[in-house]
Amino acid sequence: MSSEAQKARVSVADWRVTDGEDTLVTSGLGSCVAVAVYDADAAVGGLLHAMLPAAPSPAEKPAKYVDSGLDEMLAAMYRRGADPENVAAKLVGGSAMLDISVGEAIGDRNVDAAERALADADVPLLASETGGSTGRSVTFSPASGDVRIDRVDGVDVI
Amino acid sequence: MRVDLDSLASFSHTGAKGGRRAAEALETLTGVPAHCELSRTTLVDADGLSSFLGDAATRIAVPFDGALAGRALVSFEKPFAARVAEETGTGDGALPEVANILTSGFVDGWAENTEGTIDVQPPEPVDVDDALVDDVAAADGAAFVFESRVALAGVDGTCRFAVLPAAEEFVDYLGDDGDLSADALAAYAQLTAHSADAVADHLAAMTGIDPDAVESHFDFVPVEDVPSLLDDAAYEGAVFESDGPVNTVLAVLFDEDESGAVADALVAREDPDEALAESAIAELGNVTASGVLDGWANALDATIDVSTPSHVRDDGRAVLDTVAAAYGRHADTVAVVDATVALSDDLTCRVCAFPSPEDADTVAEIATELSAGDADPEFPPEYDTGGDGA
């Protein structure tokens with residue numbers, strides 16, 4: 001079995017929690033948002049790739065939604081040793097790539113929902129790169145809190 | 001004959017669950033994080049079937065029988081196979097066992113929906129594609145395929161997993177469900193073939209390039225897997241929305257190995273003006289999209305309008321991520337008319353049409369009409385577009 005640092009992929013409508021030097025990657029963010037939350041001291045972090053702002057009740061697949069996905073992921077992080085008093089978040093995505101009427105402004109609504117859900121959970125939002133009209137991919141290192149953002153027109157780290 | 005998309009969507013749920021179980025089984029076996037990046041339930045005609053069967057050099061077949069019979073074809077890309085061999089410590093000899101575990105994980109999902117059991121048989125080699133096609137074709141050469149792609153963390157390449165129910169047994173299985181028939185399945189395959197032909201004809205007329213190859217299939221995909229229909233390479237093209245009896249989001253995308261390659265190949269231009277090139281590509285997309293939708297409109301004897309295009313040059317998954325989110329509020333599973341036209345070795349056009357889940361009945365009507373053969377796509381078509389192509 002492998003013991004070296006791993007780069008685990010997070011699918012759309014999914015989240016994953018990891019610790020140590022492992023990194024979490026999610027690609028192809030359009031109007032979806034990636035919410036990265038971490039406790040740098042405990043080196044525990046989670047990455048959520050959510051499609052929609054608010055879950056219906058009951059939600060069959062909580063990770064599809066910003067609010068219920070964040071709740072689930074935070075609970076998993078706290079079980080893994082993250083300290084609720086020491087976690088922080090970074091937010092990426094929510095672009096408006098297409099001029100289509102179905103799902104209008106879904107990117108903006110996803111960003112609003114993520115900011116609101118983080119505030120409700122008392123998780124400070126340290127940095128974000130949202131909106132615009134380009135796709136993004138995210139590589140998140142929980143131990144450092146670095147979030148690398150790859151776009152077709154460049155790379156940033158927040 | 002009517003075709004019930006809801007019934008087909010229920011098969012898709014079973015397939016998606018099977019794909020997730022297969023990934024979990026692989027993660028348990030190897031200790032490496034695994035995820036199922038795509039699960040789709042596909043109707044494909046005989047011409048396109050071979051592309052789902054994997055490369056014979058890397059393929060392992062796992063038969064199953066009982067409440068449902070058929071076989072899984074598991075294809076391992078080299079880096080994936082090497083990592084599995086390394087993690088299990090048993091070399092290449094592990095692959096048949098891994099294929100068996102993946103198949104067992106998948107058919108467990110089927111077994112939950114049936115009263116009987118499904119028995120997985122020992123893996124066996126398969127090397128003749130023609131025989132496979134004959135075995136699995138359900139009606140008029142069309143076949144039903146459950147495809148999942150499983151990836152391992154930090155490993156290039158995937159394990160591609162195609163479950164092919166045996167034709168005769170699967171038709172018997174469908175016989176218990178009054179909403180589905182072999183003819184209905186063939187109708188959807190024909191809908192996609194008509195649409196792909198329209199794409200190829202219009203691209204050839206606009207560019208003067210005769211397509212090298214045309215493939216098409218009709219997919220049912222969980223909304224969250226829609227982005228994985230494309231890879232994360234850069235694509236350039238246009239996305240449209242149609243209005244009329246079927247509301248559809250339609251993406252016409254060219255894969256672009258190098259920035260500007262699409263415009264260079266398709267647009268006659270002496271002055272490399274970027275805005276002009278974008279406009280020309282959007283217009284090419286507009287004509288192609290209209291060609292597909294005119295075929296559908298003719299089948300209904302109706303009019304379908306096309307919106308002004310959104311020009312895109314971006315990661316293909318990000319483009320479809322936005323489509324997935326748009327439909328995600330309304331449906332768990334979406335239908336996709338998926339056509340690929342190879343214009344040359346270096347240039348491929350991919351057309352993905354996503355009819356609104358709320359218009360499933362109308363899509364069924366189009367499939368029925370087109371399969372009856374009385375509504376061949378008109379060519380050259382009369383365009384009815386709301387967009388200006390800019």
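A salt bridge is a side-chain nitrogen of Lys or Arg within 4 Å of a carboxyl oxygen of Asp or Glu. The model shown is predicted: local features need pLDDT of at least 70, side-chain atom pairs count only at pLDDT 80 or more, and totals for chains, interfaces and linings use all residues. Residues are numbered from 1 along each chain as its sequence is written, chains are lettered from A and ligands numbered from 1 in the order in which they are written, and side-chain values use heavy atoms, with hydrogens and water left out.

View 1. Arg149(B) forms a salt bridge with Glu147(B), with the closest N and O atoms 3.5 Å apart. Arg149(B) is buried at a relative accessible area of 19%. Glu147(B) is buried too, at 2%. Buried means under 20% relative accessible area, exposed over 50%, and partly exposed in between (1.4 Å probe, protein chains only). Arg350(B) forms a salt bridge with Asp338(B), and here the closest N and O atoms are 2.7 Å apart. Arg350(B) lies in strand β14 (residues 348-355) and Asp338(B) in strand β13 (residues 333-342) of chain B, so the pair ties together parts 12 residues apart in sequence. Helices (H or I, at least four residues) and strands (E, at least two) are DSSP runs, numbered from the N terminus. Arg350(B) is buried, with 15% relative accessible area. Asp338(B) counts as buried at 1%. Salt bridges that share partners join Arg40(B), Glu147(B), Arg149(B), Arg160(B), Asp219(B), Asp338(B) and Arg350(B) into one network.

**View 2. A salt bridge in chain A.** The side chains of Arg148(A) and Asp150(A) meet in a salt bridge, 2.9 Å from N to O. Arg148(A) is partly exposed, with a relative accessible area of 38%. Asp150(A) is also partly exposed, at 24%. Over all chains, the structure holds 17 salt bridges.

**View 3. The contact of chain B with chain A.** The contact (heavy atoms within 4.5 Å) takes 39 residues from chain B and 36 residues from chain A. About 3,000 Å² is buried between the two chains, and carbon and sulfur atoms give 55% of it. This buried area is the accessible area (1.4 Å probe) that two parts lose on being put together, summed over both. Three salt bridges are counted between chain B and chain A. One joins Arg16(A) to Glu27(B), with the closest N and O atoms 3.6 Å apart. On the side of chain B that touches chain A, the elements that give two or more residues are α1, β1 (34-44), α3 (78-88), β9 (234-243), β12 (310-315) and α10 (316-328). α10(B) gives the most, with 11 residues.

**View 4. An aromatic pair in chain B.** The structure holds three aromatic pairs over all chains. The rings of Phe76(B) and Phe80(B) have their centres 6.1 Å apart and their planes at 35°, so the pair is tilted. Rings of Phe, Tyr and Trp (its six-membered ring) pair if their centres lie within 6.5 Å; planes under 30 degrees apart count as stacked, over 60 as edge-to-face and the rest as tilted. Phe76(B) is buried at 3% relative accessibility. Phe80(B) is buried at 0%.

**View 5. Ala25(B) and Ile101(B).** Ala25(B) lies in helix α1 (residues 5-30) of chain B. Ala25(B) is partly exposed, with a relative accessible area of 21%. The C-alpha atoms of Ala25(B) and Ile101(B) are separated by 6.8 Å, with the two residues 76 apart along the chain.
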